[in-house]
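Subject: Structure handover

Hello,

Here is the structure I promised you. Please open it first, then read my notes below.

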Protein chains: 4
Amino acid sequence: MAGNTFGEVFKITTFGESHGAAVGVIVDGVTPGVELTEAYIQAQMDRRKPGQSSVTTPRKEYDIISIKSGMFEGKTTGTPLFIMLENKDMRPEAYSDIQNAFRPGHADFTYLQKYGIRDHRGSGRASGRETAGRVAAGAVARKLLEHRGVQVVAYTKELGGIRCETYNEEIIEQNAVRACDPDAAVRMIERVEQLAAAGDSCGGIVECRIRGVKAGLGEPVFDKLDAELAKAMLSIGAVKGIEFGAGFAAAGMLGSEHNDEMNASGFLSNNAGGILGGISTGNEIVFRIVVKPTSSISVPQQTMNVRGEEQQIITEGRHDPSICPRIIPVVEAMACLVLEDHYKRQAAMLG
Amino acid sequence: MAGNTFGEVFKITTFGESHGAAVGVIVDGVTPGVELTEAYIQAQMDRRKPGQSSVTTPRKEYDIISIKSGMFEGKTTGTPLFIMLENKDMRPEAYSDIQNAFRPGHADFTYLQKYGIRDHRGSGRASGRETAGRVAAGAVARKLLEHRGVQVVAYTKELGGIRCETYNEEIIEQNAVRACDPDAAVRMIERVEQLAAAGDSCGGIVECRIRGVKAGLGEPVFDKLDAELAKAMLSIGAVKGIEFGAGFAAAGMLGSEHNDEMNASGFLSNNAGGILGGISTGNEIVFRIVVKPTSSISVPQQTMNVRGEEQQIITEGRHDPSICPRIIPVVEAMACLVLEDHYKRQAAMLG
Amino acid sequence: MAGNTFGEVFKITTFGESHGAAVGVIVDGVTPGVELTEAYIQAQMDRRKPGQSSVTTPRKEYDIISIKSGMFEGKTTGTPLFIMLENKDMRPEAYSDIQNAFRPGHADFTYLQKYGIRDHRGSGRASGRETAGRVAAGAVARKLLEHRGVQVVAYTKELGGIRCETYNEEIIEQNAVRACDPDAAVRMIERVEQLAAAGDSCGGIVECRIRGVKAGLGEPVFDKLDAELAKAMLSIGAVKGIEFGAGFAAAGMLGSEHNDEMNASGFLSNNAGGILGGISTGNEIVFRIVVKPTSSISVPQQTMNVRGEEQQIITEGRHDPSICPRIIPVVEAMACLVLEDHYKRQAAMLG
Amino acid sequence: MAGNTFGEVFKITTFGESHGAAVGVIVDGVTPGVELTEAYIQAQMDRRKPGQSSVTTPRKEYDIISIKSGMFEGKTTGTPLFIMLENKDMRPEAYSDIQNAFRPGHADFTYLQKYGIRDHRGSGRASGRETAGRVAAGAVARKLLEHRGVQVVAYTKELGGIRCETYNEEIIEQNAVRACDPDAAVRMIERVEQLAAAGDSCGGIVECRIRGVKAGLGEPVFDKLDAELAKAMLSIGAVKGIEFGAGFAAAGMLGSEHNDEMNASGFLSNNAGGILGGISTGNEIVFRIVVKPTSSISVPQQTMNVRGEEQQIITEGRHDPSICPRIIPVVEAMACLVLEDHYKRQAAMLG
């Protein structure tokens with residue numbers, strides 16, 4: 001109801017604000033008897049943490065996860081996994097000068113309207129910090145999906161107006177912007193550093209490919225696999241759109257072009273992006289999301305404060321000039337959560 | 001779990017296949033004491049029904065709705081509204097020649113993979129017929145939203161490569177393609193008739209504007225208002241993508257361009273599409289969806305049948321050359337369902 | 001939310017008032033490919049229908065069910081089963097003289113308080129008519145449980161102060177009160193006829209035994225198997241209590257008496273009623289419910305009307321002098337729904 | 001699905017095993033802007049903790065709660081409250097000698113059957129330790145209910161065969177067994193100490209009274225207020241039955257006796273226990289639960305171990321000879337959770 005829970009069988013519930021004492025997640029519905037380590041989860045957390053390079057915020061978060069329940073002798077027990085991260089770098093005062101103004105592009109105004117409360121200590125639940133629990137839980141899902149032969153990989157497709165022209169999966173984790181084209185990566189980094197110096201930020205496009213999902217996954221009608229992935233992705237703060245397969249280009253296509261024909265070996269194209277009628281085709285699942293430019297910038301902007309007075313604002317502080325590089329592990333985590341949940345839902349139907 | 005239910009408080013559950021005896025919906029969580037008539041719902045059904053013009057299928061569906069429960073003396077009682085439509089034009093034999101082949105772009109293959117069953121009588125739950133229950137339920141939500149001062153309007157923005165350049169809300173329901181630009185409408189109709197004659201189909205873009213939603217609606221984190229709208233829209237058969245506000249264009253924007261600045265009167269732009277941090281800003285909510293070309297075409301295509309043999313297929317029958325005109329009442333219905341549900345969720349939180 | 005849905009995987013949603021046009025149920029999450037007939041469901045409906053004997057109301061309900069979706073060639077498809085019953089004996093006028101008074105023991109007063117609406121046409125959703133959808137859906141669950149080797153049988157244990165002393169399962173469906181002791185049955189029928197003649201009614205106890213449930217079913221903590229059964233049973237109109245195994249007698253027992261010891265062959269007693277820690281032990285599951293006396297009686301009673309005026313009331317009409325005989329198929333249906341749902345939940349966890 | 005979540009709007013999710021690192025709860029759906037302190041919650045925890053008197057286990061648990069999120073400047077924010085308790089007295093070795101045997105009356109056998117895992121460190125999620133999160137969350141609900149004028153009080157009605165004959169609410173928290181009759185309390189304590197000395201345990205009955213609930217609360221059909229309370233109570237480990245109002249005594253009553261008549265001032269009796277048709281009448285809500293004798297006893301019992309070998313077992317350790325005194329705050333907590341949730345559900349319906 002209040003929207004802090006995701007999934008039906010493999011279900012997570014998160015808590016925690018950017019500047020509170022801790023953030024974390026309860027992961028319920030975990031298969032019992034599966035080997036799992038804190039190190040495995042930590043590896044995903046490390047991909048998400050700030051301060052990885054010149055294009056991410058130098059702000060240090062203490063993303064050291066700890067599993068507090070649901071494990072016995074190195075294996076999951078089937079009872080709730082509780083994973084927590086303490087917040088050690090709480091510095092609410094860093095935000096105090098803007099505590100009364102609504103930062104453009106942020107949720108300050110809408111949170112006040114919804115809750116009637118002004119918590120000026122950063123962005124509360126609207127902060128990127130909230131995604132830590134998602135990534136931790138996603139790592140658990142990823143471990144279960146490994147046993148199913150499913151792989152999820154996301155990467156920057158476009159950043160600051162620069163688009164990848166080639167696809168080299170090997171290099172994704174080797175460059176600071178997690179792009180799939182090494183040449184584009186170099187230009188993207190240059191562009192982002194430039195913008196950072198100017199106190200500005202830029203948007204981009206992240207693409208995600210999912211391989212190894214068997215045909216027949218997804219619930220038709222309201223819980224179509226693409227509908228659930230769309231919800232999962234749009235639930236990530238800065239995401240403003242999603243498209244599957246041919247996506248928005250389908251608007252200009254004919255049926256005879258867009259339909260994926262088949263022969264005895266399977267589909268001859270993948271305009272559908274691996275999903276037909278809300279159910280996986282067995283083909284690679286492909287979708288793209290658009291990531292808006294980071295809202296926190298040092299360029300002066302016009303705004304209003306809680307007293308209704310107009311003022312200028314500079315959202316100082318330590319922020320990523322582009323969200324793409326660090327959103328990628330979050331995108332993968334959410335995709336893993338959707339998939340593992342749907343595998344279990346399929347088992348429930350047949351069970 | 002099986003995905004035939006949508007919503008948390010204002011909750012609908014649909015049933016029915018394209019060629020079964022009936023389709024319908026149970027609408028639960030309706031406010032008691034609200035005046036409602038079958039005629040009000042029927043008016044929405046009529047916008048969705050086939051055979052409205054040269055650009056929609058001449059197939060007749062008997063979309064005459066009947067309310068079987070939940071009403072007393074012209075008002076809702078707060079108990080489940082049950083709305084049913086009998087299927088009177090069941091002609092499974094019309095599909096018999098293709099009963100063993102997987103129609104490209106359809107869910108035939110994926111349904112067989114999921115359920116292990118081949119129901120050759122049309123598309124079953126993957127049929128557009130399934131949306132009848134959505135539109136009926138959406139009309140109930142629309143009635144409740146009227147009392148809140150909320151208006152939802154969708155229209156064709158682009159069709160067959162032709163894009164609306166002007167916005168005239170008055171003419172939307174006056175032209176066969178439900179476009180917002182009268183000149184574009186003429187050319188779209190011409191284009192669609194051309195394609196229909198050639199046995200082909202085309203895609204398009206539908207835009208939706210929602211006015212009158214107060215600031216503060218939506219649940220942060222997983223059930224963001226845009227995340228829920230995205231799920232709702234992607235759950236409609238032919239929809240392959242969605243974008244809010246500036247949408248995919250945000251990929252090429254700077255933070256200083258994309259952020260919506262404020263003055264004492266409110267927001268100075270609406271790149272966010274009326275939603276920040278998953279919560280409504282009070283501005284118009286704007287999103288666009290891409291609608292793939294109708295999969296059923298008379299152009300011969302290559303496919304496989306259930307025995308794994310390759311064959312050619314022509315998906316004869318009576319089909320819309322473009323889904324856009326008739327998807328519009330479905331888009332509006334789903335938007336109404338999301339909004340009414342979130343109004344009630346907000347009331348629950350504060351209650 | 002509004003409470004017309006039951007179950008998580010095998011999930012039902014009911015609609016319909018006692019004097020509306022129809023009642024029915026959508027059954028979602030049904031295993032695909034299972035043989036099912038209307039006759040199989042009808043057989044359960046017939047056990048529930050009025051007019052079966054001298055101890056049930058002579059009122060005729062037209063409990064002829066019709067499956068409108070979710071079937072193909074005699075088998076379930078995995079899509080929602082919709083089962084409907086038309087109400088053909090609507091006689092709201094029969095209730096008109098009491099339309100303004102709150103009938104003692106009925107939900108008239110509380111419904112008005114909740115919904116602000118006075119629907120005087122019988123009891124609306126609080127009517128026993130509402131259970132028709134439960135029994136229809138329960139029959140579907142029962143069919144699935146047959147394949148699992150599970151049997152559910154309920155019977156009258158006590159009625160009008162007369163208690164069964166022997167247990168003979170064969171005779172349960174052979175006597176009008178569905179008692180398990182033939183001698184007690186004779187005396188119960190006599191007692192009930194006596195009370196009916198006097199315009200009064202009596203309470204009783206129904207016992208339910210479930211055999212063939214494997215050990216390990218049930219979700220610990222909040223969704224314990226006994227907790228779910230308790231909710232299911234207390235959701236039936238006239239039920240005011242439930243106890244498992246030794247039940248309330250456990251209050252007077254020692255741990256050394258109540259604990260069920262084990263040897264290599266299993267449990268040596270069944271004070272637990274087949275459930276430990278909320279999970280099935282593999283033993284017979286045994287519970288008892290108390291059924292209050294029918295509220296509708298011809299004995300004059302004191303009450304208030306909607307205008308706050310005191311008055312006497314005689315709840316004339318055609319009513320069962322005891323609810324026990326006809327509640328038994330409802331008890332079994334609800335137990336079947338809980339069990340099938342938990343089998344599928346177990347499959348989901350492991351899946 | 002996996003059953004670690006309770007409630008629909010006011011929703012809690014718990015985690016933690018008896019001998020893990022921590023236990024706790026996420027409370028979602030909390031009204032924003034409500035004053036709340038850790039001390040308020042701690043007071044409820046202290047009523048539940050072991051070692052309060054001669055009739056409870058001397059085992060020390062460190063029930064010091066800590067709120068980690070969802071608060072700002074002493075008030076709730078509307079975002080998830082996370083409340084944690086570290087386990088500081090983990091002594092798995094204390095249980096090692098029985099690690100392979102199934103303790104009679106415990107969930108050892110059923111957990112192994114369900115999960116395929118033998119976690120011998122105490123009872124895991126089946127431990128009373130699991131209820132700590134419930135009591136913490138229940139305290140939050142209690143705080144919200146205070147603002148609604150609702151009071152929940154539970155007490156020992158019967159213990160070890162001794163029954164309270166008088167009702168004195170003042171003395172409940174003044175005696176070690178939380179009985180409502182001072183004379184009975186003295187004899188109960190004596191009885192329990194006797195049994196403890198003999199290594200045995202006894203059952204009892206706990207009664208709960210809820211005052212101040214307005215008429216009209218509860219969702220008819222499946223989520224009746226009594227059905228939800230029944231589920232809540234049966235979800236507590238040692239509870240084996242529940243009855244409302246006249247309860248099982250209704251089996252021997254006539255309709256003319258059981259029906260609660262009304263006059264202009266309201267109901268003249270309360271056999272219904274404050275709930276009619278699943279909806280509150282405005283009268284006091286009254287129910288009783290039966291609590292089985294503590295399963296852990298020092299009396300030698302026959303059992304089986306994981307290798308299928310028969311053996312004798314003495315469940316040594318530090319255990320309460322009766323669960324009643326310490327279950328009382330858990331009963332109240334669960335009742336508070338059900339009530340607050342239903343208040344919010346009612347607000348959602350009308351909202």
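Two residues are in contact if their C-beta atoms, placed from the backbone, lie within 7 Å. By that rule, the contact between chain B and chain C takes 33 residues from chain B and 33 residues from chain C. On the side of chain B that touches chain C, strand 2 (11–15), strand 3 (22–28) and strand 4 (66–69) each supply at least two residues. Helices (H or I, at least four residues) and strands (E, at least two) are DSSP runs, numbered from the N terminus. That side of chain B has 13 nonpolar, 13 polar and 7 charged residues. Here Ala, Val, Leu, Ile, Met, Phe, Trp, Tyr, Cys and Pro count as nonpolar, Asp, Glu, Lys and Arg as charged, and the others, Gly among them, as polar.

Some ground rules. This is a predicted model, where local features need pLDDT of at least 70 and side-chain atom pairs count only at pLDDT 80 or more, while totals for chains, interfaces and linings use all residues. Residues are numbered from 1 along each chain as its sequence is written, and chains are lettered from A and ligands numbered from 1 in the order in which they are written.

**Chains C and D**

The contact between these two takes 90 residues from chain D and 89 residues from chain C. On the chain D side, helix 5 (residues 225–234) gives the largest share, 6 residues. That side divides into 38 nonpolar, 33 polar and 19 charged residues.

Strands meet here too. Strand 11 (residues 239–244) of chain C and strand 11 (residues 239–244) of chain D run antiparallel, joined by 3 bridges. C:Ile242 has D:Ile242 as its bridge partner. Two strands pair if DSSP finds at least two bridges between them.

Now look at helix 2 (residues 108–115) of chain C. Of its 8 residues, 6 are buried, so helix 2 of chain C is largely enclosed by the rest of the structure. A residue is buried if 20 or more other C-beta atoms lie within 10 Å of its own, exposed if 12 or fewer, and partly exposed in between; C-beta atoms are placed from the backbone. The buried ones include C:Phe109, C:Tyr111 and C:Tyr115. They pack against strand 14 (275–276) and strand 15 (279–280) of chain D. After the helix comes C:Gly116, with a positive phi near 70 degrees.

An open sheet of 10 strands has the order 9(A)-8(A)-10(A)-16(A)-11(A)-11(B)-16(B)-10(B)-8(B)-9(B), and its pairing is antiparallel. Strand 9 (162–163) of chain A and strand 9 (162–163) of chain B stand at the edges, each with a single partner strand, so one side of each has no neighbour in the sheet. In chain A, 2 bridges join strand 8 (residues 151–159) to strand 9. One bridge pairs A:Glu158 with A:Arg163.

Helix 7 (residues 324–350) of chain A lies across strands 8, 10 (204–211) and 16 (285–291) of chain A, at about 145 degrees to strand 8. Axes are lines fitted to C-alpha atoms, for helices over the stretch in contact, and angles run from 0 to 180 degrees between N-to-C directions.

**Helices 1 and 7 of chain D**

Helix 1 (residues 38–48) and helix 7 (residues 324–350) of chain D pack at about 140 degrees, with axes 7 Å apart. They are therefore oblique to each other. The cut-offs: angles under 35 degrees count as roughly parallel, over 145 as roughly antiparallel, 65 to 115 as roughly perpendicular and the rest as oblique.

UniProt lists A:Arg48 under "binding site" in an unreviewed entry. UniProt positions are given in the numbering used here, feature names are shortened, and annotations may be inferred rather than shown by experiment. A:Arg48 sits in helix 1 (residues 38–48) of chain A. Is A:Arg48 buried or exposed? A:Arg48 counts as buried, because it has 25 C-beta neighbours inside 10 Å.

A:Lys292 is found in the loop between strand 16 and strand 17 (301–304) of chain A. A:Lys292 is buried, with 28 other C-beta atoms within 10 Å. Leaving aside neighbours within four places in sequence, the contacts of A:Lys292 include B:Ala250 and B:His258.

Best wishes
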